[in-house]
Amino acid sequence: MSKTLTEIAQQLSTPKTVRKTVPEKTKEVDKAKPVPKVQLIYAFNGTGKTRLSREFKQLIAPKANGGEGDDEADQPELSRNKILYYNAFTEDLFYWDNDLVGDAEPKLRIQPNSYTSWLLTLLKDLGQDGNIIHYFQRYANDKLTPHFSADFTEVTFSLERGNNERSGHIKLSKGEESNFIWSVFYTLLDQVVTILNVAEPGERETNAFDRLEYVFIDDPVSSLDENHLIELAVNLASLIKSSQSDLRFIVTTHSPLFYNVLFKELNGKTCYMLERFEDGTFALTEKDGDSNKSFSYHLHLKQTIEQAIADNKVERYHFTLLRNLYEKTASFLGYPKWSELLPNDKQLYLSRIINFTSHSTLSNEAVAEPTQAEKATVKLLLDYLKNNYGFWQQEKQNG
């Protein structure tokens, strides 16, 4: 049954009622099953994971008077007291001052609001700048070093060259920037788990987390290569497993690899797939097994494209799904480039796919909707992939 994202958020935060048979009374009774410690959600990009994280935050800590801003000052109870979340909006709290005049002192600044002021003051008071640097260098470059200002409101970066020498201030790539912001959040999360593991509130280093109920993490650092993504997933799973308090975790991702590592590492988790329908409604379906067993990632991609072709509703994102299929197939078969699997006029088809899957930087380059000929190309390339590389030739069995 389809639902709104608000209803999905309620589903994630509401204890389940299960019917059980009581042997000694030989009758069935309803019992409440508590909200799981870990809920792991897979969804394709564009499904609504980030919007779900915001709906969940609003449900757990509603804004006063229906306020819409991200600044928490207008809330009856600051949301950070009940939920910590990491999503695309978390990265928006950091921005570059590029020193356009001198071109010498690029700084990563932190948007001042009630949340960032609280976060930075807390991490500073807990002496966590060293741990932020440690986590960042683990996923980026051990020579790339952040330098915090005295008030923790801006960060500069340099490359350590040895012999106590370093480069001037440099600007990070987008991927490195995402790694750094995740490192700040992960450092906070590490402190949250460690401090809440002290059972007696009076004995904790700080009481800032005493009322915290949920941590919602949406697609952390999707720019990592596979090795570092696996390492991040293992580290996150280890931290979650070390939590001994009543804190609950929700993790969403579009990466089958990240999903599978968390699935294998975490015990006692509940797994879902989030789907979005054409009418704008959603479904959150409980799944068992890793991505290949529980929702047949590649088969689901194929069926999604086939349905769009059958309904003549091929859109731009279906080119992305098609490219994903080609990439995964090439990787499995050992081809260095996915374009090698394309039909004879490889450059023509490659250009067509790249046109729809690249992120345009100029608005007038954006393609609103594929033409009928381009939609036909999706069918041609999908059929070519299935017919030439052994894709899913087995017919679906009835019963």
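1. R138 is partly exposed, its relative accessible area being 27%, where buried means under 20% relative accessible area, exposed over 50%, and partly exposed in between, for a 1.4 Å probe and protein chains only. The model is a predicted one, in which local features need pLDDT of at least 70 and side-chain atom pairs count only at pLDDT 80 or more, whereas totals for chains, interfaces and linings use all residues. Residues are numbered from 1 along each chain as its sequence is written, and side-chain values use heavy atoms, with hydrogens and water left out.

2. R138 is joined to E231 by a salt bridge (a side-chain nitrogen of Lys or Arg within 4 Å of a carboxyl oxygen of Asp or Glu), and the closest N and O atoms of this pair are 3.9 Å apart. The pair links distant parts of the chain, 93 residues apart, with R138 in helix α5 (residues 129-139) and E231 in helix α7 (residues 226-242); helices (H or I, at least four residues) and strands (E, at least two) are DSSP runs, numbered from the N terminus.

3. The structure holds 14 salt bridges, and one of them joins the side chains of R204 and D210 at 2.8 Å, N to O. Here R204 counts as buried, at 14% relative accessibility, while D210 is partly exposed, with a relative accessible area of 32%.

4. Another salt bridge brings together the side chains of E306 and K386, at 2.7 Å from N to O. This pair also links distant parts of the chain, since E306 belongs to helix α10 (residues 297-310) and K386 to helix α13 (residues 372-388), 80 residues apart. E306 is partly exposed, with a relative accessible area of 26%, whereas K386, at 16%, counts as buried. Through salt bridges that share partners, K302, E306, K379, D383 and K386 form one network.

5. Six strands make up an open sheet with mixed pairing, in the order β4-β10-β11-β3-β12-β13, two strands being paired if DSSP finds at least two bridges between them. At the edges stand β4 (83-86) and β13 (282-287), each with a single partner strand, so one side of each has no neighbour in the sheet. From one strand to the next, the twist averages 20°.

6. Within this sheet, β3 (residues 38-42) and β12 (residues 269-276) run parallel and are joined by five bridges, and I41 stands opposite Y272 in β12. Helix α8 (residues 256-265) lies across β3, β11 (248-253) and β12, and runs at about 155° to β3, where axes are lines fitted to C-alpha atoms, for helices over the stretch in contact, and angles run from 0 to 180 degrees between N-to-C directions.

7. Neighbours within four places in sequence aside, F157 is in contact (heavy atoms within 4.5 Å) with residues including W96, L108, F136, L144 and F180.

8. S53, placed in helix α2 (residues 49-60), is buried, with a relative accessible area of 0%. Residues up to four places away in sequence not counted, S53 touches N87 and F216.
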